[in-house]
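Me: I would like to learn how to read this structure step by step. Could you walk me through its features with me asking as we go?

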Amino acid sequence: MARLNLLEETRFEKLPVSIYPNAQTASIVVAQRIAKLIRHKQAEGRKAVLGLATGVTPIAVYKELVRLHLQEGLSFKNVITFNLDEYFPMQAGSAQSYVTFMHENLFDHIDIPAENVHIPDGTLSQDEVAAFCLNYEKQIEDLGGLDFQLLGIGRTGHIGFNEPGSAPNSGTRLVTLDDLTRSDASRDFGGKENVPTKAITMGIGTIFKAREIILMAWSAKKAPIVKKAVEGEISGDVSATYLQLSDHVEFILDEGAASELTRFYTPWLVKDCTWDAQLKKKAVIWLASELKKPVLKLTEEDYNNHGMAQLAVEQGPVYNINIDIFNKIQHTITGWPGGKPNADDSQRPERAEPAKKRSLIFSPHPDDDVISMGGTFIRLVDQGHDVHVAYQTSGNTAVWDDDVLRYVEFAIDFNQSIGKDTTELEGIYDNMRDFIKQKRPNQIDSQEIRNVKGIIRKGEAIAGARYAGLPDSSIHFMALPFYETGKTKKNPVGEEDILLTIELLQKVKPHQVFAAGDFADPHGTHIVSFNIILAALQRLKATEEWVKDCWLWLYRGAWHEFETHEIEMAVPLSPQEVIRKRQAIFKHQSQKDTPVFPGDDAREFWVRAEDRNRETANRYNELGLAEYEAMEAFVRYKF
């Protein structure tokens, strides 16, 4: 019976899917399966032929394999590996090459013979590539094919570098990279213009012949493409859908990557549900959005025709359900993000008391505060709360080099205008120009250049916070050590990061903390910064009485907004407040027009923010609520 229920739940899924609580747990499971295969082959006196992937996704798998080698004696002497792909052209010693990646993350730490390692050669001339690819295929075939193929999935649905349009029977070959794939790689290369336009990749046909295929995906930002690959029609537009044809494939996901699969996103379409308040709210909002009807106009027929008959029977009549959900959505709307004094707060998202709160806004980068919650920031100040803002990182990797020269030129000219000697400053300036002229893609800046970039962003952040109404004493720059590497790759979180955060929290003793909950941030700084705040609050909760009265609110804005059913506080903005927010964002001049790291959204940050805030307001209006110019949304995080 349990098996039948599972089949019903997964009937939209066209291949096997296993889901784990987090990427770390899943990665250990995958590593153990690889280790079991290696040991089985060893016992038979045979070689284990592995197809390996690169990128962030398999790093924890490789780390566990290294641990198994060092601590549990797993030998790789009988292992032969073939990597999926390599950029072309690409020098093997380059920081961005997959040769470097594989040696840093796996090969340099295990006992695999060098001659057993095969990675596509990015140093070939283009005339040599075709013959190399044929030989790569022949080497795999001569070994009897791949025993195991490890895959990740790109946001275009590519596996390896088999971009949209790849043929299902394709072999190893030279391909042209999709524009989105190059955008995703731009941070590693110091700009999209430095990302190669081509790559050598194993073909779908080669991958398909492996006797076992595991595709891994982590985090909610992979959820949309995972849904297409698992539930969508087989199509050349999404190369991963070809895996539906294999009897030897399994998708291994964390909960975030699985979150848009039908059985999780709209479970009422596949099974009977336990209708708690949150699921009921989600379902009714989904139904209204699906039918493009206000909540109060939904009918029993609408419920019955869209998988929600059980809800109608158990908790109907449906009009009562509609009223209940309408009221719940209505109660999220407040013009008083710090709580409305002397008011009944039983149906409001924030407490009425204390009437004047200490509010601490954490901003991972120096502009996240005004981009994501600038309207609420300004309103909190206008309503008399004791507002503080804390910039967690310097953001000094996200400033153009020519801006540095312009600012130093200004410093030289200003000093000369007041009769100061500029000999030393001019020498530093000349060194900067020479460095920048010879700078390689993604090379770490000199300390002087990093300092100037940090000063530029600090000055912009101060200007934005002052515009919002803060005194300088309420503006805090944390410069958390994890970020200060000068590289796009940051250090692991250390004890000092948490202690600096604890120190600030103890100083302010906030009633409200606002933190970035935009974990789809492609650079990862948001989630790292949030985890530091959370660790600090959890430690303080054990010893500090004030923490019991501290509420943690998450905001989004730069990348993705919360879904409507998730929103617990919606702060409406008037047309004038939208303009004030825009002006605060404009203070961040280094991030205007084309920022260094724009992500895959070509719109300027202020345009993204306004569009997203208007979209949130429109969604509320379409559900039958009041029509506002824009809305900023928040979710309370219980810690």
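Reply: Happy to. Let us begin with Tyr 319, which is found in helix 13, residues 318–330; helices here are DSSP runs of H or I with at least four residues, strands are E runs of at least two, and both are numbered from the N terminus. Please keep in mind that this is a predicted model, where local features need pLDDT of at least 70 and side-chain atom pairs count only at pLDDT 80 or more, while totals for chains, interfaces and linings use all residues. Residues are numbered from 1 along each chain as its sequence is written, and side-chain values use heavy atoms, leaving out hydrogens and water.

Me: Is Tyr 319 buried, exposed or partly exposed?

Reply: Buried means under 20% relative accessible area, exposed means over 50%, and partly exposed is in between, with a 1.4 Å probe and protein chains only. Tyr 319 has a relative accessible area of 44%, so the residue is partly exposed.

Me: How should I read salt bridges, and how many are found in the whole structure?

Reply: Side chains of opposite charge can pair when their charged atoms come close. The cut-off is a side-chain nitrogen of Lys or Arg within 4 Å of a carboxyl oxygen of Asp or Glu. By that rule, a search of the whole structure finds 35 salt bridges. One of them joins Lys 328 and Asp 324 at 2.8 Å, N to O. These two are 4 residues apart in helix 13, so about one helical turn separates them.

Me: Which parts does the salt bridge between Asp 367 and Arg 457 tie together?

Reply: Their side chains meet at 3.4 Å, N to O. Asp 367 lies in the loop between strand 11 (358–363) and helix 14 (368–382), and Arg 457 in helix 17 (residues 447–468), so the pair ties together parts 90 residues apart in sequence. Asp 367 is buried, with a relative accessible area of 5%, and Arg 457 is buried at 2%.

Me: Finally, in what order do the strands of the open sheet run?

Reply: Two strands pair if DSSP finds at least two bridges between them. In this model, 7 strands form an open sheet in the order 1-10-9-6-2-3-5, with parallel pairing. Strand 1 (17–20) and strand 5 (117–118) are the edge strands, each pairing on one side only. Strand 1 is joined to strand 10 (residues 249–254) by 4 bridges, and Tyr 20 stands opposite Asp 254 in strand 10.
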